Amino acid sequence: MSLARRLLVRQHFLSDCFVRAASNAARLKYDVVVVGGGHAGTEAAAAAARTGAETLLITQKIQTIGALSCNPSLGGVGKGQLVREVDALDGLMGRAGDRAGIHFSILNRSKGPAVWGPRAQIDRGCYREFIQSELLNMPRLTVIEGSVEDLLLSAADPEQPGKHKVTGVRMANGGGEILSGSIILTTGTFLSGSLFMGQTTSPGGRMGDPPSCAGLSHCLREVLGLKVGRLRTGTPPRLVKDTVDFSLTELHLPDSKPVPFSFVNKHTQCKPEEQLPCHLTYTTPGVDKVVRESLNVNSHIHQDTRGPRYCPSIESRVLRFPGRQHQVWLEPEGLTSDLVYPQGLSMTMPPELQLRLLREIPALRRVEIRMAGYGVQYDFVCPTQLFPWLQMKNVQGLFLAGQINGTTGYEEAAAQGLWAGVNAGRIALSLPPMSLSRTESYIGVLIDDLVGRGVTEPYRMFTSRAEFRTALRPDNADLRLTPRGFEEVGCVSWQRYQEAVRVSRGLGEALSALQSITLSSFQWREKLGHFSISETKSTLISGKEVLQYKDVSFDLLASAFPDILSPYLEFSERLKIEAVYQPHCEKQRQEMERMRKEESLALPQDIDYFSLPVSLSDEVREILDRARPSTLGAATRLPGITPAAIIHLLRFVTKVGVTTGEAAYMQVRGPKPDCWRGASVHERDREKATVVQS
């Protein structure tokens, strides 16, 4: 049976099962309820369940769980780092990418490994099947079809910040009420979403799917009083593969040795020789002409909502850069798919003009469109209203993740979803929430940027956003995050943790072994042959220092010292990267420690900056009052905040003895039992049962 046929049969079966289960779920109470089955929602639901919380995922259509709504790819520069970090915390995206990838490549190969971008073209159907299989077989996770109409609210806990408290959700169409102490909204582009094609507008967040209930938008705006904005995005038309003349394009082959996203995988599902190529072509002056002539019938491009600067429509690009030639990547949508995705040709003009525009490109002279491109406009909640653990400051128990926070991209959504799920689960289990520092992860950079600075356009991750990118490399995400994910957060399995410990120990031993080998420059040249080491260098040189040279590999050193180094050959590439970057990381360590100290000093959320008895200008007070940073570190990164203001805030925080947000939460809730640290879900359950009985 073909992959497409297996997917169809499985989806019909699952849909019938979960529609029948929905009425039962509506009579139950859950620790965590996740609204939305996109990339943020799936990671949130899985992460909450992994922490030990009984979790419910509500989605409008079972069949679209794990769907790649726009481009059929994962990763890239900055984004690939996020996929690796989601995987290091036991998320789904990396393993799904390895299962469904059909074209793997490392972007930025010509630059240093710190800014390499793992990327893969994805088979849409295979990716969706993997995500659905993982979720529907996950302990503690229930999935139902339905639409949420409203949030259930009660009076806020006076001992916690916030004016409201969520207690559950009300389902649409008489579906009943579902109670929960933590709610995660991952509505994507569906919150008051509108679809645009030419001058035609219809409600919805994705073509072919029903719109979200207006009641949820009303609750966020009017009842909870949240600051809400509006953004827009778009998608290109899908092209019939057989109507594209690939002989008129540039062929781009995948890497001959695919590098998996996930740290638990040694190989990708797709064999190297079975990978599909991508093709590159370019726009022509004729494309510009069609864009200009279609502006009067393209209402989406005239809207005043902000569009994506980093993935704009072809109309925006032509208007912004007239006369310029633009790249168009023709990407496969699957191993057996007959469709091509034209990356770079997002458009919202009428369908007949879309076809005319496409045929202005030589390789697409005879192209046919399977589905026309369209634009989407949707509501987002200004993310400065969130704590660093992605809970609303004003609403106890309400978490937001994904495009509802003003981001764009699968990877950004998944990263937020995972961290929101972790913290929603922890709070539901009476554990303190946790934050990720921008000194330890790209996820921390992403969240800190969102909650500290907010957005004026859809946010996209780049390596340039991370101050310490030489330490936050894609190769070491497991060493940075997996131990903490198991020992402190509680979202990582024992098996993955043990593997991370093994790798960490092996790398440490290998680096020590390299350091123990010391020879003169003359002796090294005798051992290794000619390489670019200075003949005048008089001091002894360690193996770790020699490994920093461009033309020296660990395999070469292991061949020279087999007894000492051959046990560590499995780490050869990682050791090379560690040796190259260790001096840079050492130089940054002091700055990283300073930032961590600043982030450990919390600023009270109820502080009145206008009457604060410290020397601050009116402008600084207005900035602080508007942004309400959670920590002193977040305050330092606000535009307009002077070094003098930070010094005065530091004196204030030190004087009043304010603790971190997490520590303050623990003072109210009480610390978690020591026996929960690093315990498996089943061990925590037994301990909880013992605590309750006593």
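Where is the place of Arg 628? Arg 628 is in the loop between α19 (618-627) and α20 (632-636). Helices here are DSSP runs of H or I with at least four residues, strands are runs of E with at least two, and both are numbered from the N terminus.

Before I continue, a word on the basis of this talk. The model is predicted, so local features need pLDDT of at least 70 and side-chain atom pairs count only at pLDDT 80 or more, while totals for chains, interfaces and linings use all residues. Residues are numbered from 1 along each chain as its sequence is written, and side-chain values use heavy atoms, with hydrogens and water left out.

Let me return to Arg 628. Its phi is near 45°, a positive value in a residue other than glycine. With a relative accessible area of 18%, Arg 628 is buried; buried means under 20% relative accessible area, computed with a 1.4 Å probe on protein chains only.

Leu 390 also has a positive phi, about 70°, although it is not a glycine. The loop that holds Leu 390 runs between β19 (374-381) and β20 (395-396). Leu 390 counts as buried because its relative accessibility is 0%.

I turn now to the interior. In soluble globular proteins, nonpolar side chains tend to be buried together. A nonpolar core is a set of buried Ala, Val, Leu, Ile, Met, Phe, Trp, Tyr and Cys residues joined through side-chain atoms within 4.5 Å. The largest one has 112 residues, and Leu 151, Leu 185, Leu 220, Leu 398 and Trp 419 touch the most other members. Helix α10 (residues 410-428) gives the most to this core, with ten residues. A second, separate core of 26 residues includes Leu 528, Leu 547, Leu 557 and Phe 571.

In helix α7 (residues 285-294), the buried residues are Gly 286, Val 287, Asp 288, Val 290, Val 291 and Ser 294. They pack against α8 (314-320) and α9 (351-358).

Finally, the sheet. Four strands form an open, antiparallel sheet in the order β11-β10-β19-β12; two strands pair if DSSP finds at least two bridges between them. The edge strands, β11 (200-203) and β12 (228-235), each pair on one side only. Strand β10 (residues 194-197) and β11 pair over four bridges, and Ser 194 stands opposite Pro 203 in β11.

Key. Buried < 20%, exposed > 50% of the residue type's maximum accessible area, 1.4 Å probe, protein only. Contact = heavy atoms within 4.5 Å.
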